[in-house]
Amino acid sequence: MNKRFLLRSHFDKCTQLIEQLQHALVNSDLAFCHYYQLPKVKEVENHHPPTEIPVTPLEGLDALNKSCLAYKDVFKQPELSGKLLTRHPGVIGVKGDAPEIRALISAINQEKQNFKQIVLSEKSKDARFELVHSAIPNLITLAFYRQIFCESRSAYSVRFTWMHKHSIQHLSAKQALTFLQQNQSHKPMITQDKATWQAMVEQEKQRIVGLSENKKLRIRRPIRVSPQVNVRFSASDRYHVSAALPFILFNADKVTKIGKLTDYAKKPDTRAKKSRYLIERLFLETP
């Protein structure tokens, strides 16, 4: 069957299920609802990690309305980043077990997974992009992939924190040198002219040339800070998940502690001061 047709089918089915979820939540007996509104990320901010992120807390009906809208925030908006997604941290506390809502969440997440598997069946990045955007124009694929997390066990606490992550890639000195050689002939869209760019990369290559070919290196690239939900049952039984979408908590009337997401302010990274990057722009270092 045509992949584009299948994608559109899964997308439409998922959209219908989300609308049913929104209706079910609005008409449920809720213990509480908290939503933490974050600034939207503009295109011009793609390459500028924030040092501060103000949080606007909402409660009650306002929070519920924002939370419901968050589940359908999957399309590119003018002037806003399509690469750095808007996060929607929040928690919706549903009284009782609400099996019908849990079934909707499971069905939504499955449709998202089905959609993702079809996209990933395309071998190249360009082919995946063409497939998705020919089926659903302006869709932000990663935003649509986001799962809705929920919990039905009686938790001791549900809290929010800011998570710092790193993307780590291991490679040899030989692989790093090959990458730089390829990189040297493809000047990116930055202010340096071609000659300046090539001279800079040549200097970077010289830092690698003196190393053994099999010398182990790594790229330890920081990822933009993001909110997460921490769910705790006991000192040894706890987990955390992304707060990209509002978390749904069942049996919420039995929960004793609900935390808040506070403003983010970047703290000095003492480890970064000790690091000696071989190539700082690539975050290339020796382990």
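**View 1. Helix H3 from end to end.** The expected span of a helix is 1.5 Å times one less than its number of residues. In this predicted model, helix H3 runs over residues 99-120, 22 residues in total. From first C-alpha to last, H3 reaches 31 Å, close to the 32 Å expected at 1.5 Å a residue.

**View 2. The buried residues of H3 and what covers them.** Quite a few side chains along H3 are tucked away: Ile 101, Leu 104, Ile 105, Ile 108, Asn 109, Glu 111, Lys 112, Phe 115, Ile 118 and Val 119 are buried. Their cover includes helices H1 (3-26), H4 (125-135) and H5 (141-145). Strands S4 (90-94), S5 (150-151) and S9 (247-250) are also part of that cover.

**View 3. H1 against H3.** Two packed helices are described by the angle between their axes and the distance between the axes. Here the axes of H1 and H3 come within 9 Å and cross at roughly 160°. An angle over 145 degrees counts as roughly antiparallel, so that is the label for H1 and H3. Their crossing is left-handed.

**View 4. Glu 204 in helix H7.** Glu 204 sits in H7, which spans residues 194-209. Buried means under 20% relative accessible area, so Glu 204, at 4%, counts as buried. Setting aside neighbours within four places in sequence, Glu 204 is in contact with Leu 180, Ile 279 and Arg 281.

**View 5. Glu 285 and Arg 218.** Now for a glutamate in a strand: Glu 285 belongs to S12 (residues 284-285). Glu 285 is buried, with a relative accessible area of 6%. Its side chain makes a polar contact with the side chain of Arg 218, at 2.8 Å.

Definitions and conventions
Residues are numbered from 1 along each chain as its sequence is written. This is a predicted model: local features need pLDDT of at least 70, side-chain atom pairs count only at pLDDT 80 or more; totals for chains, interfaces and linings use all residues. Side-chain values use heavy atoms; hydrogens and water are left out. Helices (H or I, at least four residues) and strands (E, at least two) are DSSP runs, numbered from the N terminus. Buried means under 20% relative accessible area, exposed over 50%, partly exposed in between (1.4 Å probe, protein chains only). Contact means heavy atoms within 4.5 Å. A polar contact is a pair of N or O atoms within 3.5 Å; within protein, one must be able to donate a hydrogen and the other to accept it, and residues adjacent in sequence count only if both atoms are side-chain atoms. Axes are lines fitted to C-alpha atoms, for helices over the stretch in contact, and angles run from 0 to 180 degrees between N-to-C directions. Angles under 35 degrees count as roughly parallel, over 145 as roughly antiparallel, 65 to 115 as roughly perpendicular and the rest as oblique. A crossing is left-handed if the near helix is turned anticlockwise from the far one by less than a right angle, and right-handed if clockwise.
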